[in-house]
Amino acid sequence: MAFKKPVELVLGINRRGLLQGAVAVTAVATAPFTQTASAATPLARPPAVKIKAQAVNFEPVMQDNNACAAKIKAAIETAARDGVKLIVFPEMALQGFEKCQDCASRGRACDKHLATGELVDGPLMRELADVSMRNDIYAVIGFGERDPSRPFLYNAAALVGPEGLVGVNRKMGVGQGMQQVHSQSMFTSGDKITVFPTRYGPIGVGICYDIWMNGDVARLMTLQGARIIAVPTATVGTTKGGDLEKMAFARARENNVFVINANLVRGGFDGHIQGEPKFYSHSYIAGPNWPSMAQILASGDDPFAPVTGEIDLAQYERFLGRSNLLARRAIGGQDIQFTQAIASGYAALIGKQVV
Ligand SMILES: [Zn+2]
C-alpha cells in the first residue's frame with residue numbers, strides 16, 4: 001500500500017529555535033492535500049545528515065504518460081543503486097507541454113488534455129510511489145494532475161518516498177503572462193505554499209515561476225522549516241552560467257537552504273530555439289558550504305545527464321545556529337519588525353489590515 005494514513009506530528013519551536021512539544025500539526029497524506037506547516041509552527045527537523053541528491057535533466061516522451069513513467073522509474077532505480085536519497089524531476093516530466101487552441105479558448109483544460117491528466121492517487125502515480133518505496137528514495141515528479149472531482153488540470157509536482165505519497169504541490173503561476181510564453185492556459189492555478197515532512201526534514205516543493213519569480217515563496221518555505229527546496233522547472237534559453245544557475249544560487253544564498261532545480265529537456269518548447277538541447281536542461285544543486293553562505297554544489301555539461309551532489313544538512317544547521325533566522329522572525333524574535341512590516345504590506349494588497 002503506497003499511501004499512508006494522515007499522521008499527527010506534535011511539535012513546536014521556541015524563540016531560540018529549539019524544538020518543543022507544543023502545537024499539533026496535521027500532515028495529511030491523502031487528497032486533497034493541505035499545507036503541512038506554518039511559519040508559526042515550523043516542521044520538526046530530524047538530525048542533520050548527509051544525503052546524495054540528484055536533479056534529472058529529463059526529456060519526456062511527448063504526451064505518452066506510460067512511456068514517461070517507465071523512464072522515470074528507470075531513473076529512480078538507477079539513482080537508488082547509486083545511493084541517491086532524493087531525486088527531482090522537472091516540471092511536467094510525465095507529459096511534456098503541448099500547445100492547444102481548444103484549451104486556450106476555454107481558459108482551462110479541454111477534454112483531450114483533461115484526459116491526459118493523472119489523479120495523484122491514480123494507478124500511474126501509485127506505481128511511481130511504489131517504486132520509490134521499494135527503492136527507499138524520495139522523488140519529486142512534475143506531472144499534469146487531474147482534479148478528482150472538477151474538470152481542472154493542474155501543473156503539479158508529487159513528492160513520493162519510502163512512506164508512499166507524501167504530498168502534492170500545484171503551481172500557482174499559470175496566469176496570463178505564462179499563457180503567452182508557455183501556452184499554459186490549460187492549467188488551473190494552485191493556491192498553496194507546500195512544505196512536507198520527510199525523514200530528512202521538511203522539504204519545500206515549488207514549481208518554476210513560483211520560486212524563481214517569487215522569492216517570498218521560498219522565504220516562507222524556509223520559515224516553515226524547509227531545509228531543502230525542490231524546484232521542478234521547464235525553461236528554455238538557459239545555458240551553463242545562465243539564469244537558472246543564478247536563481248538556484250540566489251534562493252539558496254538568501255535562505256541558507258539547499259535548492260535542487262531540475263529542468264526539462266525539450267518537452268514541447270519548440271518556440272524560438274527549436275530542438276536545440278544545449279539551451280535546455282542545466283539543472284543545479286545549490287546550498288550552503290561553510291564559510292560560503294551558498295555555492296553551486298553540482299552542475300553538468302551534458303544536457304541529458306543527471307546532476308548529482310551531496311547535501312550536508314549540518315551546513316544548514318551551522319548557518320542557522322549563527323543567523324537564528326527562524327527564531328528572529330518569529331513572535332518575540334529580534335526581527336519581528338520585518339515580519340510585521342511585510343505582513344502589513346501584503347495584507348494591504350488584499351485589502352486587509354494586520355493588527
Ligand atoms: Zn487542450
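Me: Which residues in α1 meet which residues in α4?

Reply: Happy to start there, with two notes on reading this predicted model. Residues are numbered from 1 along each chain as its sequence is written. Because the model is predicted, local features need pLDDT of at least 70, side-chain atom pairs count only at pLDDT 80 or more, and totals for chains, interfaces and linings use all residues. Helices (H or I, at least four residues) and strands (E, at least two) are DSSP runs, numbered from the N terminus. Two residues are in contact if their C-beta atoms, placed from the backbone, lie within 7 Å. In this case Asn65, Ala69, Ile72, Lys73, Ile76 and Glu77 of α1 meet Leu124, Glu127, Leu128, Val131 and Ser132 of α4.

Me: How many nonpolar, polar and charged residues are in the contact of α1 with α4?

Reply: Ala, Val, Leu, Ile, Met, Phe, Trp, Tyr, Cys and Pro count as nonpolar, Asp, Glu, Lys and Arg as charged, and the others, Gly among them, as polar. Here there are six nonpolar, two polar and three charged residues.

Me: At what angle do the axes of α1 and α4 cross?

Reply: Axes are lines fitted to C-alpha atoms, for helices over the stretch in contact, and angles run from 0 to 180 degrees between N-to-C directions. Helix α1 (residues 65-81) and helix α4 (residues 123-134) cross at roughly 10°, and their axes come within 10 Å. Angles under 35 degrees count as roughly parallel, over 145 as roughly antiparallel, 65 to 115 as roughly perpendicular and the rest as oblique. Therefore α1 and α4 are roughly parallel to each other.

Me: Which strands do α1 and α4 lie across?

Reply: α1 lies across β3 (50-55), β4 (84-88) and β5 (138-146), at about 150° to β4. α4 lies across β5, β6 and β7, at about 25° to β6.

Me: What is the strand order in the sheet with β7 and β14?

Reply: Two strands pair if DSSP finds at least two bridges between them. In this open sheet of six strands the order is β7-β6-β5-β4-β3-β14, with mixed pairing. β7 (164-170) and β14 (307-312) are the edge strands, each pairing on one side only. Strand β6 (residues 153-161) runs antiparallel to β7, joined by six bridges; Ala156 has Arg170 of β7 as its bridge partner.

Me: How do α7 and α8 pack?

Reply: Helix α7 (residues 215-223) and helix α8 (residues 243-255) pack at about 40°, with axes 10 Å apart. They are therefore oblique to each other. The contact is made by Gly215, Ala218, Arg219 and Thr222 of α7 with Arg251, Glu254 and Asn255 of α8.

Me: Where is the pLDDT below 50?

Reply: pLDDT is the predictor's confidence in each residue, from 0 to 100. The protein averages 86, and 84% of the residues score at least 70. Over residues 1-35, the pLDDT is below 50. Where pLDDT is low, the predicted coordinates should not be read in detail.
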